[in-house]
Amino acid sequence: MLGGAGVLLGVSAGTAQAAEVAYATECIPPAISGLPPVQGTTKVEITAPAEAKVGDEVEVVWKFVQAASKNPNILDLEANTVQPTGTLKAAGAQTGDIAMQGPRENPPIPKNSDMKLSDMKGKLKLTAPGEVTLTPDAYNINVNKPISTDTKCTPKETVKQAATIKVTDAGGSSGGTTGGLPTVIPTLPTSVPTGLPTGSSGPTPSESETGGDDGGTSTGGAAGGGGGGQSDFTGKEVQVPYKCKTPIGDKEATSPVQINAKKNGGSFDLTVQFKKSVMDSPADIPKDSVKPSMEVALGGADKGTVHVEGPTNSEDIKAGEPIEIPDLTGTYKPGASGESTLSPGVLTIKALGTTTTCTPAKSEVSLTLDTSEQASGASGGGSAGGSAGGSSTNGGLAATGAEEHDALKALGLVAGTALLLGGAVFTFMPRRRTR
C-alpha cells in the first residue's frame, strides 16, 4: 500500500483502503506520429481513506499497475521525461471530477518495453454525509523531450468503482447524497515556446541586379560569371525529388530549390533557398535543435561539391507556427575554367539527436557560371565537359526518378523520438520569404 495514502489534511481519517480495477482503454497517439489508435487494458489501484468526516479534505492516490500500451520500438525515453495526469470520478453522496497529477519521475524506458508512470495524487473536500465512490476515468501522458507531446487515453467500457469513503457528519452519523464537489485542481506544467526562426543567414543576392557586357541575371541556368562587371547571379528554381533516410524509415519528397551566387574575387558566395512552405509545425520545437546543410553538386567544367549550411533555429517554435528552412550559405572556389554548373545535392538535417539524409533522385542544374580556375579550387583543375543549363549527374548523383512529383509534403523528416504509443516525427518545411 502506498505510503502516505489516505492522509487526512487537518482531521484524522479512517484506515486507508486500496482496490485495483482494470478496464479496456483506447489511447490516441500524438497526431504527428501517424500511428492509429491503440486498444489496450489499463490497470490501476486507487487508495483512499475508508472513513472521514464532512469538512475533511482527503488525499487520494492513483497507482498505475499497468498502462494501456508499451513504449513503441522507435527510441528510448530518458529518465524523468514522462508525466501522467487524469480524472477520478466521485459519485454517491457527492459527485464530480477529481483532478489527478503525478510528478515527472520515471526510470529510463527502453523502446518496446512497458511504460513506467508515476503515482498520481489528488485532493477531495468532503461536503456531505454518506458514501462517496471513486472510479478512475480518462488520463493523459505527456512526454517533454525532445519535444512536448500528449497521448490521451479514455475508457472504452464502464469502469468499476475502485474505492468507497464512508463520510459521517459532525455528530458521527452518515446521511444521504447531495450534489456538488469542490476540488483542488493542481496547476499542470505547460511549455509554450514562442518565436520563429528568423530566416535568412548570410548574404541574399538581389533578384535582378545586372551590369557590364555579359547580360542580365540568369534564370535559365546560364550566367556570365567570368567578366564584364556582373557580380550577382540568380539561378532558376528547380524541382528536386528527394529520397530521405530518416530515423523511422525511408521517405520521399519533392522541393523547389534555387541556387544564387555573388562574385567575390575569383570565388562565389552561394545562397541556396528553399522556396515553398506547405505546413506548420505539429509540435513544440526547442531552439538550437535543427541544423540543415547541403552539398551543392558541381558539373560541367568543374567537379566535386560545395558545402553550404544554415543556422540552427534561434528561438523555440510553437506548435502550429510555420517552419522554414533558412538560407544555406557557403563559398564556391572554382577548380576549373569554363562553364561550371551548380545543382542541389545531398541535404542533411540534424535535429534533436537524429540525422536525416536526403539524396536527390535526379539532379537538375539551377545555375551555370563562367569560372576561372583558382588554386586549391573545387576540382583542382579538372575540365570535364557538360552543357550549360541541362541536367547534371556530376558529384555522384544518379539521374534517376520521375520528372514530376507532388507538392512538397515531407522535406527533411526530422526529430525522431518515441512517445507513449507513438513515435513523434515532425516534418520540417521550407517557407517562402517576403522580400
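Are Phe268 and Tyr332 buried or exposed?

1. Phe268 and Tyr332 are both buried. The model under discussion is a predicted one, and the points below should be read accordingly.

2. A pair of aromatic rings is described by the distance of the centres and the angle of the planes. In this model, five aromatic pairs are counted. In one of them, the ring centres of Trp62 and Tyr139 are 6.2 Å apart and the planes stand at 70°, so this pair is edge-to-face; the cut-off for that class is over 60 degrees. Trp62 and Tyr139 are both buried.

3. The rings of Phe268 and Tyr332 have centres 6.2 Å apart and planes at 25°, so this pair is stacked; planes must be under 30 degrees apart for that class. Here too, distant parts of the chain are linked: Phe268 is in strand β18 (residues 267–274) and Tyr332 is in strand β21 (residues 328–332), 64 residues apart.

4. Ring pairs also connect Trp62, Phe64 and Tyr139 into a cluster.

5. Asn260 is found in strand β17 (residues 249–264). Its relative accessible area is 2%, so Asn260 is buried; the cut-off is under 20%. A polar atom of the Asn260 side chain lies 3.0 Å from the backbone nitrogen of Gly235. The side chains of Asn260 and Gln258 make a polar contact at 2.9 Å.

Definitions and conventions:
Residues numbered from 1 in each chain as written. Predicted model: local features only at pLDDT ≥ 70, side-chain atom pairs only at ≥ 80, totals over all residues. Heavy atoms only, no water. Phe/Tyr/Trp six-rings, centres within 6.5 Å; stacked < 30°, edge-to-face > 60°. Buried < 20%, exposed > 50% of the residue type's maximum accessible area, 1.4 Å probe, protein only. Helix = DSSP H or I, 4+ residues; strand = E, 2+ residues; numbered from the N terminus. Polar contact = N/O pair within 3.5 Å; in protein donor to acceptor, adjacent residues only side chain to side chain.
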